[in-house]
Structures are given as structure tokens and as C-alpha cells.
Amino acid sequence: MAVSTTTATVTNSTSSEAPPSLLHQPKSVWAVAFASVIAFMGIGLVDPILKPIGEQLDATPSQVSLLFTSYMLVTGVAMLITGVVSSRIGAKRTLLTGLAVIVVFAALAGSSGTIGQIVGFRAGWGLGNALFIATALAAIVGAASGGVARAIILYEAALGIGIAVGPLVGGVLGNISWRAPFFGVAALMAVAFILIVVMLPSAPKPEHRTSIAAPFLALRHRGLLTVAITALLYNYGFFTLLAYTPFPLDMGTYSIGFIFFGWGLALAVASVFLAPRLQRRFGTLPMMMLALALFALDLAMMAAFTDNKTVLVVGVVLAGLFLGVNNTLITETVMISAPVERSTASAAYSFVRFVGGAAAPWVAGKLGESNIHMPFWVGAVCTAAAIIVLTTGRKVLAHVDEHDPEPHSVEEALAVTVADAD
């Protein structure tokens, strides 16, 4: 076929050249990466204002935690339609649609008068987030120079920076009003929307349309299903840490913002610098298991010493290191765990992990109302269970450490960005 011939030609012509620098990327990749930073800011942005929202709107911790639950539940379900939408209207329009939806619902959340309204508008925010994130990951992987591994590092760096800056922005703006962070996200997303319009070229129409059943069919592959369930379980611990920790910390918006800024910064550093080195030396699956084990122990430490704020602060920041390594490696594994399109693999994986992890914030808040230690214990157990699940799939995932990450085809890259920056 013409596609395989073209791919072989490109591979042969570049095999003798030195691999491109991580920073040497098409301008369109940087536009999507920047927009991804803003999108990921929305995850941790509400951390510093959870308690102020609860106090001013007379809501319990479990009710406030529904801001995360509604967001993740809708994000996960919406992941099932991301491939259907992008294969019909193209990557650029899907990205722009997602950004526009986030702008609208973030602004509405800032205008809310009850906790129920905020929870509902965060659900709408999750829809936009799903359309953007699933497409952004596939876009960066397909278009970045240097293969899948480098693209994943870029994507996880955007995730880490966004999550790091989100709480910081939330803390600063939240000191003015709990509404300010929502309006801040709406404004930044509007900027990201303009950048995508200007810098991302219009791609040709996709050659084929993705079926809504494609993500479900992809989960029939044991490797992808194993990784998805692993992510579901450790996501429970992850979102327990994110949504519940501000309550036992019981600090001001600035303090919470800086603590989670440190966590996100550690996550970004681990994603970009530690994960590739550890992967090369010890292998993908062994390092994923070690990172998950350390995260489980970290949560157990926080469970045992929940009354000690110093331990909680140290535990939060350390978790960033462990999650950063694991996030990079598990995301890369997803993209090569099954013989399906990357966007389909991403949608299937995200559906399982987000829908499954959506219960964590509410359950953690509910458990914490009667026993402040219990949420962290449950998170630690779920993370430990993720290691067991991953272990059962070692045989079907054995190819992961033997895989030489290269783009699937030139056409896949062209479908996203048309051409490199020139």
C-alpha cells in the first residue's frame, strides 16, 4: 500500500540522523501543548477553594467533593464519543469545540449561587474537557518529532505544569473570591481557543469514521483492559489525594495553592526527567509497579498520620514524584497495548479510569466526615490492588519493553497538523 511505502521511505531516510531535540517541535504541537496546560489547570484549580465554597454555600465535604465527581464522570462517559466526533469534524474543530464548552461552563460555574449549580456546571466542563484532552493527546503523539516516547513526555509535561499552576492560580484568585478561579479559567481557555485557531492548520477530513462501539471493542484486548483497570484503581488514590487532602490540612487558599503547586511541580519534573531515565534502566512495567507501590505507601503514611499537617504536606509533594513517573509510563503503554488507533485506545482507557475514579472524591469526603484517616487507607488499598492487576497482565504486556516507538504513519501526522513548522 502507498501508506506503508511512504512510511518506510521516511523511516529509512531518517534512521541515520540524530534524534531531534525534545524542544524541536512544530509550532502547532506547542499550540496544542499550551492549550493542554490550561485545560489541566482546571483539575487542580478548585483545590484551594473547596473549603471556602463549603463554608460560604453551607455544604459538607462530600457535597463539595462532587465538583470532582461530576467533572470526572462526564469526562469519562464523553470519552466514548470523542473518536466519533473527531473522525467526523476533524481534530482542529474537536479541539475548538472542547475549549468553547469549557469557556462557557467555567464562566457559568463562577456565576453559580448554590453547590448544586456548581456541580452541574462542572459536569458540562467535563464534557468539554473530554473532547479536548482525548484529541490533544492523539494530536501531540501523531505530530511531535521524535516518536511516541517524546510526545508522551511533552503531553505529561503539559499535564504536570497545568496541574502545578492550577492550584497556584486557584489560591491567588481564590483569596479574592471563590468565584474568581472559575472566571480565570474561562479567560485563559478563551486565549487557548484563539491560539488553536491561529496556529493549528486545518487538517484534511479523516479518511474513515470511528464507530461509537470502537472503544468498547478495543477493551476486548487484554493488554488495554489491564492497563485501564490499573489506572482506574490508582486513580482512586490519586483523586482521593486531590479532592480530600485540603479538608484535613485546613489551611488558607494561599497555603493549599502552594502545597499543590509543589505536588504538580514534582509531577512535571518526574514526568519529563525521571520517567525516561528510569524506564531505560529498569523497564516500563517494573518501574510502573515500583511507582505504584511507593504511592500506596505514601497514602498509607498519610492515613496513619492524618492529624500531622507536616506529614500531609510532605506526602502530597512526594506523591507528585511517584505519579509523574507512573503517568508517563502508563500513558505510553496505553498507546501500544493494543492494535487499535491511538485515539480509540486513549478514549477506551480514559473512559474506564475516569468513570471508575469518579466515585473517589465523594466516597473520600463521606468517609472523612466520620473518620479522617479512612479515605487515605482506602486510597492506599486501591493503589495496591492496581499493582496486582498490572502483575496479572505481564505476559500480554511483555511487548511494551521491546517496542520501538515510531509514528504509525505519515498520514496520521498529516491528519493532525498537515505539515511541520516551515
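## Aromatic pairs

Rings of Phe, Tyr and Trp count as a pair if their centres lie within 6.5 Å; planes under 30 degrees apart make the pair stacked, planes over 60 degrees apart make it edge-to-face, and the rest are tilted. By this rule, the count for this predicted model comes to eight aromatic pairs.

One of these is formed by F105 and F121, with 6.3 Å from centre to centre and 45° between the planes, a tilted arrangement. The pair links distant parts of the chain, since F105 belongs to helix α5 (residues 91-110) and F121 to helix α6, 16 residues apart. F105 has a relative accessible area of 25% and is therefore partly exposed. F121, at 23% relative accessibility, also counts as partly exposed.

W125 and F182 form another pair: the ring centres are 6.1 Å apart and the planes stand at 70°, so the pair is edge-to-face. Because W125 lies in helix α6 and F182 in helix α8 (residues 180-199), the pair ties together parts that are 57 residues apart in sequence. W125 is buried, with a relative accessible area of 0%, and F182 counts as buried at 0% relative accessibility.

## A ring cluster and a charged neighbour

W125 and F182 also belong to a cluster, in which ring pairs link them with Y71 and W178.

Rolling a probe the size of a water molecule over the atoms shows where empty space is left. A search of the whole structure finds one cavity of 30 Å³ or more. The volume of the largest cavity is about 250 Å³.

The lining of the largest cavity consists of 23 residues, and those nearest its centre are F40, L159, N327, R353 and F354. Two or more lining residues come from each of the helices α2 (27-44), α6 (115-143), α7 (147-174), α10 (222-244), α14 (309-336) and α15 (342-357). By class, 15 of the lining residues are nonpolar, six are polar and two are charged.

T310 is located in helix α14. Its relative accessibility is 56%, and exposed means over 50%, so T310 counts as exposed. The C-alpha atoms of T310 and L249 are 9.1 Å apart in space, while the two residues are 61 residues apart in sequence.

Terms used:
Residues numbered from 1 in each chain as written. Predicted model: local features only at pLDDT ≥ 70, side-chain atom pairs only at ≥ 80, totals over all residues. Heavy atoms only, no water. 1 Å grid on protein atoms, 1.4 Å probe; cavity = no way out; pocket = protein on both sides within 12 Å on 5 of 7 lines; lining within 4 Å. Points joined across faces, edges and corners; volume = space filled by probe spheres on them. Helix = DSSP H or I, 4+ residues; strand = E, 2+ residues; numbered from the N terminus. Nonpolar A, V, L, I, M, F, W, Y, C, P; charged D, E, K, R; others polar. Buried < 20%, exposed > 50% of the residue type's maximum accessible area, 1.4 Å probe, protein only. Phe/Tyr/Trp six-rings, centres within 6.5 Å; stacked < 30°, edge-to-face > 60°.
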